[in-house]
Amino acid sequence: MVSERMAVVITLLGDDRQRGANPPPTVAAQAAAALGVDGVCAGLGTGSSGQVLVWGQDATSIALEDLQFTLGQGPGMDVDAGAPVLVSDLEAAAARWPVFVPAAAALGVRALFALPLRIGAIHVGALQAYRANPGSLDGAALSDAFALAEAVTLLLLHRQAAAADPGGAASGGPQPDWSQPVTFRAQVHQATGMISAQLGVTLAEALVRLRAHAYVEDRLIAEVAADVVARRLRFENDKR
Amino acid sequence: MTREEQLIDAFVEAADTLVADFDVIEFLHTVAGRCVQLLDVDAAGIMLADQYGQLHATAASTESARLLELFELQADAGPCMEAFRTGVQVVNADLGASEERWPRFAEAAQATGFVSVHALPLRLRTTVIGALNLFCARPGDLGEGDVRTGQALADVATIGILAQRGLYQAELLASQLQNALSSRVTIEQAKGVLAERRGISVDEAFNLLRRYARNHNLHLSELARQTADGTSNAVELLARPQNTTVSPEGPDSA
């Protein structure tokens, strides 16, 4: 279960005052404290083009990301496959990333946990948490980390949508219920797929449109999704 | 085939899968299907827990919206939630007498035609990661042999999620579990894309997806990802068949 501490962090992330902006940096420090690590950062982008850090850019996280991009190896690269890469002791994993591990150690990083920022096939980047001392994230910290990754994913999706369409329905930032787990109902994801085919847009945009529609109509996202799946509601272009 | 032969077959099949490169969602579907073949039950589903302790339907013996809804209704209260929270089997729960215990779930399950329900925990040492849900449409208790076989199948499902034999750290388990949950979300998204593009129901979309993956020897999760994000070159899967009626509005109206 998600801790009180992390629940506070997630609420702060979606704070009204931060709408449209990158997640506030002070919250990254609070997130790191809640997870029991020394730093947390989030980067946009997948694949060989590397990531652009958009949250928690301290000197160490910037250097870590530069290293992984330059060397083409490291947990932050491997997370692209879609599964979390949790390395409680980098030294013990030196065989997997032979060049990265000693370089990370030189930065004082001995444990690195990389989580995909992902909702099904929507893949926006990665969340990375590092620590100077080896040691695993315990079960509670892991739950917190997954919840944080989901919240950051949604926040970044909304931020991207708002940047692409400043006057659009998503520009108000994440909606009040934004930190509710989206993975709760299968129909939400089915509707996302249907809307993406209806509008000819990416799944990421379809999900944002679905959430924005629910917000504007003041309905639950699950209800709107049920209407889409039952074909009582169709999304169309240029009619907001 | 005798029942014993069927049982051996099921476990040999599982072992064969686990030593090779396999798709976890497809594997869980096979396990759910085997439950219905081998046990005196009419439907089976596998539920996995996320970081909020919320259970998600990850695979089922038949992929129908009604059945998926029954799994989802157990998010707050139901046999799977009980098995997950306590780690103890819930066996032969009479739905007719469970209206106080699980009001919404009991009502919906009876409306679907089931009379009893069972939930077996997916356990790994001291951790419970989800539950195997079994439904019966006819009166009569599930025998002790069936419960034991069911639990063995639940254990096989757990091992399948872990995938890497011998590596039982909490981190690896969490990582695999998270990946299985994400793969399931991808499949739901792909069902939506396919349902819309071909003008079929989401249930039909799943069957199509699974059949296509099998016939072309593809991983279900990978095919789902490509279908969902539009990178699939499986033209015959995505194209609307010529002989189907197209909705009068056409794709860009309404």
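This is a predicted model: local features need pLDDT of at least 70, side-chain atom pairs count only at pLDDT 80 or more; totals for chains, interfaces and linings use all residues.
- A:Gln198 sits in helix α7 of chain A.
- With a relative accessible area of 6%, A:Gln198 counts as buried, because the cut-off for that label is under 20%.
- Its contact partner B:Glu196 also forms a salt bridge with A:Arg234, and the closest N and O atoms of that pair are 2.9 Å apart.

**Where chains A and B meet**
- The interface brings 39 residues of chain A into contact with 38 residues of chain B.
- About 3,200 Å² is buried between the two chains, and carbon and sulfur atoms give 54% of that area.
- Between chain A and chain B there are 2 salt bridges, one of them being the B:Glu196 and A:Arg234 pair.
- Polar contacts between the two chains link 14 residue pairs, with both residues at pLDDT 80 or more.
- On the side of chain A that touches chain B, the elements giving two or more residues are β4 (111-119), α6 (139-164) and α7 (186-199).
- Helix α7(A) provides the largest share of that side, with 8 residues.
- By residue type, this side of chain A divides into 21 nonpolar, 12 polar and 6 charged residues.

**Nonpolar cores**
- The largest nonpolar core holds 122 residues, and A:Trp55, A:Leu127 and A:Leu148 have the most contacts inside it.
- Helix α6(A) gives the largest share of this core, 14 residues.
- Another core, of 26 residues, lies apart from it and includes B:Leu68, B:Phe71, B:Val90 and B:Phe105.
- As background, nonpolar side chains tend to be buried together in soluble globular proteins.

**A closer look at B:Val156**
- B:Val156 belongs to helix α6 of chain B, which spans residues 144-162.
- B:Val156 has a relative accessible area of 11% and is therefore buried, given the cut-off of under 20%.
- Leaving aside residues up to four places away in sequence, B:Val156 touches B:Phe11, B:Ala14, B:Phe27 and B:Val31.
- B:Val156 and B:Leu209 are 53 residues apart in sequence, and their C-alpha atoms are 24 Å apart in space.

Key: Residues are numbered from 1 along each chain as its sequence is written. Chains are lettered from A and ligands numbered from 1 in the order in which they are written. Side-chain values use heavy atoms; hydrogens and water are left out. Helices (H or I, at least four residues) and strands (E, at least two) are DSSP runs, numbered from the N terminus. Buried means under 20% relative accessible area, exposed over 50%, partly exposed in between (1.4 Å probe, protein chains only). Contact means heavy atoms within 4.5 Å. Buried area is the accessible area (1.4 Å probe) that two parts lose on being put together, summed over both. A salt bridge is a side-chain nitrogen of Lys or Arg within 4 Å of a carboxyl oxygen of Asp or Glu. A polar contact is a pair of N or O atoms within 3.5 Å; within protein, one must be able to donate a hydrogen and the other to accept it, and residues adjacent in sequence count only if both atoms are side-chain atoms. Ala, Val, Leu, Ile, Met, Phe, Trp, Tyr, Cys and Pro count as nonpolar, Asp, Glu, Lys and Arg as charged, and the others, Gly among them, as polar. A nonpolar core is a set of buried Ala, Val, Leu, Ile, Met, Phe, Trp, Tyr and Cys residues joined through side-chain atoms within 4.5 Å.
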